[in-house]
Amino acid sequence: MDLSYSEKYRTLQEEVRAFIAKHGHLSPKPGGGRQKPSPKALEWQGLLLEHGYFGRNIPKQYGGFGLPLDVLELAVIAEEISKANVYPGIMNQGISMFVPTLLEVGTKEQCERWIRPTIRGEVIWCQGYSEPGSGSDLAAAKTRAVVENGQFVINGQKIWTSSAHYSDMMFLLCRTEPDKPKHQGLSYLLVPMKTPGIEVRPLVTMTGRATFNETFFTDVRIPVDQIVMGRGDGWHVANVTLKYERLLLGDANKLTSRLARVRELMERTTLDGQRIMDIPEYRDRLLRLQGEVMASKYHGMRLLTEQARGEDSGLKRLIVKYNGTLIGYRLSSLAVDVLGAAGLAYDAKDEAAETDEATAWHIDNMYDIGLMIGGGSTNIQKNIIGERGLGLPREPKAAAPAGG
Amino acid sequence: MDLSYSEKYRTLQEEVRAFIAKHGHLSPKPGGGRQKPSPKALEWQGLLLEHGYFGRNIPKQYGGFGLPLDVLELAVIAEEISKANVYPGIMNQGISMFVPTLLEVGTKEQCERWIRPTIRGEVIWCQGYSEPGSGSDLAAAKTRAVVENGQFVINGQKIWTSSAHYSDMMFLLCRTEPDKPKHQGLSYLLVPMKTPGIEVRPLVTMTGRATFNETFFTDVRIPVDQIVMGRGDGWHVANVTLKYERLLLGDANKLTSRLARVRELMERTTLDGQRIMDIPEYRDRLLRLQGEVMASKYHGMRLLTEQARGEDSGLKRLIVKYNGTLIGYRLSSLAVDVLGAAGLAYDAKDEAAETDEATAWHIDNMYDIGLMIGGGSTNIQKNIIGERGLGLPREPKAAAPAGG
Amino acid sequence: MEFALTDEQRMLEASLRDLLADRLPMERRRALAAEGRGHDQQLWKALVEQGITGLAVPERHGGAGLHVLDAAVAAESLGYHAVPGAYAASLVMAPLALQTSGTEAQQQEWLPRIASGEVRIAVGFAGGAGQTGAAKVDYDGKTLSGRVQGIIDGGGATHVMIYLADGRPAIVALDAKGVKASLIQGLDRTRPLLDVTFDGAAAVVLSAANDPVAARTRVLDAGRVMLAADTLGAAQAMLDRAVAFAKERVQFGRVIGSFQGVKHTLADLATSLEPCRALVWFAAHAQDALPEEARLAALQAKAHLDDVCREVARLTTEVHGGMGFTDLQGLHFWWKRIDTNRQLLGTPERCRHEAAVVQGWVSA
Amino acid sequence: MEFALTDEQRMLEASLRDLLADRLPMERRRALAAEGRGHDQQLWKALVEQGITGLAVPERHGGAGLHVLDAAVAAESLGYHAVPGAYAASLVMAPLALQTSGTEAQQQEWLPRIASGEVRIAVGFAGGAGQTGAAKVDYDGKTLSGRVQGIIDGGGATHVMIYLADGRPAIVALDAKGVKASLIQGLDRTRPLLDVTFDGAAAVVLSAANDPVAARTRVLDAGRVMLAADTLGAAQAMLDRAVAFAKERVQFGRVIGSFQGVKHTLADLATSLEPCRALVWFAAHAQDALPEEARLAALQAKAHLDDVCREVARLTTEVHGGMGFTDLQGLHFWWKRIDTNRQLLGTPERCRHEAAVVQGWVSA
């Protein structure tokens, strides 16, 4: 057990600090939710890429920095960027999920064509997986593509396409081989969002904001070579992508800073003239959550070490997202209770949503519910933990045919 | 809403009080767990039967008091007996489960033969349902009975036969028609425990006490007419019995008095010189449980009213046992924590088990775990609540054959 | 011994639910939430005709003279249908305040107008109610100055009643001079709160109670029972919808309600929610019939319902999957209602602490 | 940055577990529990040979001079195997107490005998440790009088160390005059506590610490970390057994682990238990390496482990069905161990309160 960084990492730490001291003023404000990158953000992204503080492990030929993976380096960079409160770089589904998928199963041509503009933020991707009828059962996708005159002709509907309204491209899971069994009939297509026949409608969530969309396809035509791997391989490719989604660590730093914010809120909020921190029933809730957050934080450090060693963390990794989401929800629930009646003012529509403390906490609280649902419902996560983590047997196949 | 008793019940209340004033000194001490009734208990039982404070709704010809069911009368009697802290009468599986089963599906001859001695405490029954391989899956019973020379010959093993070591009879669920499907191959036999070939071995539980047994059958022979309903009807009869087991209300009075005991314990126990009731983290746990207990208590009154009206309470009734068991466990856990280090002294073997406060709470706490498991595990209870209470569909049948 | 609703109470419930099912389809609710005024004249008129405005007003003042339990039955139905508009404060707490603290003349002046639906009084507290936010007013014998946040039933209010620190309620017209009232667009857009700043606003103070603090406590507790009943109705609506959804929605070739993951979650929620109804009934009944148990029951009902129903709200939303998170299903109206009720008149933490004090388990 | 056990620590763990798996089959554990002496000379000898008695004793006094984290690794293994006998107090707290509060001569006198396994010191507190029960002694400069309950590691103890109210530890031989010691047959019969009444018993007081209260706190916190680690091991053992059982046991024609009801329960337990290990490691590491974080980490580790593992104990027992409730499976040894650890050196309620004080969130 040694919680200090060795020479190599301290040097990197110094480098990053120097970079921030010199260029930090060029950084856009961090946060701000999902939107098309501003020119300022694109410029900052270029700087990060150039110094290897983004795309550090992506091959040079595809626009990255070309270094071998060293998760501690990544942790050092993330830590310094977070401490200095500068923009960590563009993060979207194209960068976090599609790029690693291409690197794993794409052709050299596909990598050359797509990775560079994607990581530079010039091409924005959205994910076309979920459908209204198949939320967690992705393999039941009904959106169809048939080949006509050397083109895929796509018809159907996708939901939860978060950035569809400003995306350039979609990676789309759809059914191309209707005669084959459920999991073998899918393909993974790359669809320009400007193609005629695509309609994007905003999907308002319980927060009152439209951060997601529904996307409708009516005779949308794309060339048949706009496909990753072959026809019928879609389920395999989609799972590669999902693997990278699940690898996105439930961020323990986020829980730690959220805990600190709730603590601070409890120290300055009063109820009938009494500081809420002095009311033991509230304080005990905070202390319980502190225990959870500490365990998560040190667990994250343990995982980081294993990752750095190239060890397979198995169960330890599988639990992170589910655990972190639930703790995050309990923290935001406590914040909402501390704010109390005076904190019920809520206006998610305008600028206040970003700056008003009460609105921000309420949005977080509802968004946490969304996180439990999104990316595979809680039930599916528990199945994965039970089956892949603990080795328990799968549910016996239902007699009824697939679909629905 | 009217929480007072009408004239009729106030009269009964007066009667019971007068009875207790006159005869109360003859009552054995209440509690004391599962044991063969003492002569004193048998005498008291006779008094209760004679006055209709036991077996009130059992036909006179079978030794009961012969009044029509009026649950409010029963509640009044139970209340007065509980308040006066006298012995409420003998309670065992024969009385609470077997007698109502006979009344529902037994022949007149069977009722005449068995009910009177059973309710008088002269014949003690034990239940032969569970087997080591089939805890919650009762229909998978493997204990077999084959007919030879006009007798059933029984071989196999039962577990959780709580009073087997002092019982006179067992109602036994066993397989008599091995060629028929799982649920249609069972019969419900009545077995004298003195029959040669029966061996009862005590089963020590986590409490360190042997309140249960395993019962082994080796070529045990009983007449073929010692059966309730016909061959192959065992599953039906067993379910009648189980229905009565589930009808035994999770006793809200028990929770209320347990809550009061924990409160009192917290008021007199100190930790580093401070009264535990004054430590807010403990007090808050008690208050949370008080909310649960109050809800259970009034829910019980609501059910009682519905029962008195002959209404079907459905979901409301199905949840009672599961809910009450969990609250009971949480209450005994709190008591164990209040007792703390000084309360770790534990000796379940001798008399102390009945009289030592710490030992009694620890036994309760462990027994609560047993209650969650017993009578159908928590999972089965949740299935029943979900399926019968909320109308959710059953699990699809597994492809694999029954058994196990 | 009858622990049950009377036939009259069942009829009140049935007719109210029929009315609301008819008049308040999801699109209407959504439209009213979008407006955010917390009041709809058409719906209000229908509720007046149904007699809701007069439930807690004595017969001699033009009401039905019913008890807190009747009012709770109505509150549960309003919560079940997530009804936009005033109720707990304007139609239960305010009339009760007038009866406990008003002179006969004051009652004569105000109660008939509450029963007729003409006057709607939002209610707030200058401290002591367990709410966060500004809560301080000075009364100089004639006028009020100060600021109170978190005033309940702001939507469509004509007046506001503020409980002074000494336990007396003061009524101020919202269109009076020296009153600056903001309707707060809040989490629950169907029932906005008021934030009012008073600057020498003319006030009518109700001073007829012998023990004004005790009188205020009765009103507070009645309000808590109403919020608990409303939360109960809202949670029951969410559970009913989740059960229905689980019976229809197919994933992995099976109706999702057949998976134990979903089935057991719903069974757990039903197990914790169903006994809540008896607790709410008892707490409401106790307000009128069992004075010695009234305080504890109101506080525990508020605390217990808030906690149980927050879990119901979270998990029933989860059972709906992605659709539960959208505005399409509209589940969030109930979610927000439950969360809002929780923050008013004392969170569970605050109510349980007061319950300990009431029982002498700890000193105040 | 290496948040991981060293190779040496892994080897310590592996060899200890091999030893225990070999020497402590279920029948042996059951037999030792039936005896109830909390000490087995044969097992003790094996542990001495393994070096467990010298783990926390400096090298110059015949020990291995290892850190609290090493001791925690051993504690987890002992908990995993529900080992009857002394550890947390006798082999970690007592040696640490001697190092923090003893003179060089006192250390020289006692530590080598601890390392050799000859001396086993049970540890108790005359107040301030968050335990219920009698906890009061007077020290007249030479002898001790009074009574202390809940003394840890009573089984096989040769001496007892009592922390006086002023923070100094006093060592008394159990066979000394004026000592009446009862080995308490407790819930966990593998590790009985002591209840000792002193009546003018000769005592050696360790007075070398500059700040005796701070020195006592270090010992208490190290003890809390040991109990947390032991509880972690015990809970992990129960979870491992429940998972194995769920893979084998067939009901309704299916392996029960394929039912979501069981699968999700086990997934939930694994999710809450696995991060506990990192918390225990950190808390142990902090005791030596990060003084500013040591107190909070020890208190939170004790509280969090106690709570998480009580649920693990309950639900893994339930997963076993009726067999879990019997003595046959022996699961209850772990259940009782977890519950016993919870009651020692402060329950979660008490530890969290102290954590709030330590952080200045509230005044003591």
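The legends below describe several close-up views of a predicted model.

**View 1. Chain A as a whole.** Chain A of this predicted model contains 13 helices and 10 strands. Its radius of gyration is 23 Å, close to the 22 Å that the globule rule gives for 404 residues, so chain A is as compact as a globular protein of that length. Along the principal axes, the C-alpha trace of chain A spans about 75 × 50 × 45 Å. Of the 404 residues, 47% count as buried, and among the contacts in chain A with a separation of 6 or more, 69% are made by residues 24 or more positions apart.

**View 2. Helix α8 of chain D and the side of chain D that touches chain A.** Helix α8(D), covering residues 260-289, has 30 residues and reaches 43 Å from its first C-alpha to its last, which is close to the 44 Å expected at 1.5 Å a residue. The helix is mostly covered, with 28 of its 30 residues buried. The contact between the two chains takes 36 residues from chain D and 38 residues from chain A. On the chain D side, at least two residues each are supplied by α7 (212-248), β10 (254-255), α8, α9 (291-319) and α12 (348-358), and the largest share, 16 residues, comes from α8(D). Sorted by class, this side of chain D has 21 nonpolar, 8 polar and 7 charged residues.

**View 3. The side of chain C that touches chain A.** Here the contact takes 41 residues from chain C and 44 residues from chain A. The elements of chain C that give two or more residues to this side are β3 (143-151), β9 (250-251), α8 (260-289), α9 (291-319), α10 (322-325), α11 (332-343) and α12 (348-358). Of these, α11(C) gives the most, with 5 residues. By class, the side of chain C that touches chain A has 10 nonpolar, 23 polar and 8 charged residues.

View 4. In chain C, an open sheet of 4 strands has the order β1-β4-β5-β8, with mixed pairing. Strands β1 (121-125) and β8 (204-205) of chain C stand at the edges, and each has a single partner strand, so one side of each is left without a neighbour in the sheet. Strand β5(C), residues 169-173, is joined to β8(C) by 2 bridges, and the two strands run antiparallel; the bridge partner of C:Ile171 in β8(C) is C:Val204. Helix α5(C), residues 88-101, lies across β1, β4 (159-163) and β5 of chain C and runs at about 70° to β1(C).

**View 5. The surroundings of D:Cys351.** D:Cys351 has its place in helix α12 of chain D. Because it has 26 C-beta neighbours inside 10 Å, D:Cys351 counts as buried. Leaving aside residues up to four places away in sequence, D:Cys351 touches D:Gly130, D:Leu299, D:Lys302, D:Ala303 and D:Gly346. D:Glu104, by contrast, lies 247 residues from D:Cys351 in sequence and 33 Å from it in space, C-alpha to C-alpha.

**View 6. Helix α13 of chain B and its cover.** The buried residues of α13(B), which covers residues 378-389, are B:Thr378, B:Asn379, B:Gln381, B:Lys382, B:Asn383, B:Ile385, B:Gly386 and B:Gly389. What covers these buried residues includes α9 (315-318), α10 (320-339) and α12 (357-373) of chain B, α8 of chain C, and both α8 and α9 of chain D. The helix is followed by B:Gly391, whose phi is positive, near 75°.

**View 7. A hairpin in chain B.** Strand β2(B), residues 144-148, and strand β3(B), residues 151-159, run antiparallel and are joined by 5 bridges. The bridge partner of B:Val146 in β3(B) is B:Val153. The hairpin has 2 residues between its strands, and B:Asn149 takes a positive phi near 50°.

View 8. With 11 C-beta neighbours inside 10 Å, A:Asp219 counts as exposed. B:Met229, also not a glycine, has a positive phi of about 55°, and its place is in the loop between β8 (227-228) and α6 (234-247) of chain B. B:Met229 is partly exposed, with 17 other C-beta atoms within 10 Å.

Terms used
Residues are numbered from 1 along each chain as its sequence is written. Chains are lettered from A and ligands numbered from 1 in the order in which they are written. This is a predicted model: local features need pLDDT of at least 70, side-chain atom pairs count only at pLDDT 80 or more; totals for chains, interfaces and linings use all residues. The expected span of a helix is 1.5 Å times one less than its number of residues. A residue is buried if 20 or more other C-beta atoms lie within 10 Å of its own, exposed if 12 or fewer, and partly exposed in between; C-beta atoms are placed from the backbone. Two strands pair if DSSP finds at least two bridges between them. Two residues are in contact if their C-beta atoms, placed from the backbone, lie within 7 Å. Axes are lines fitted to C-alpha atoms, for helices over the stretch in contact, and angles run from 0 to 180 degrees between N-to-C directions. Ala, Val, Leu, Ile, Met, Phe, Trp, Tyr, Cys and Pro count as nonpolar, Asp, Glu, Lys and Arg as charged, and the others, Gly among them, as polar. The radius of gyration is taken over C-alpha atoms; the globule rule is 2.2 Å times the number of residues to the power 0.38.
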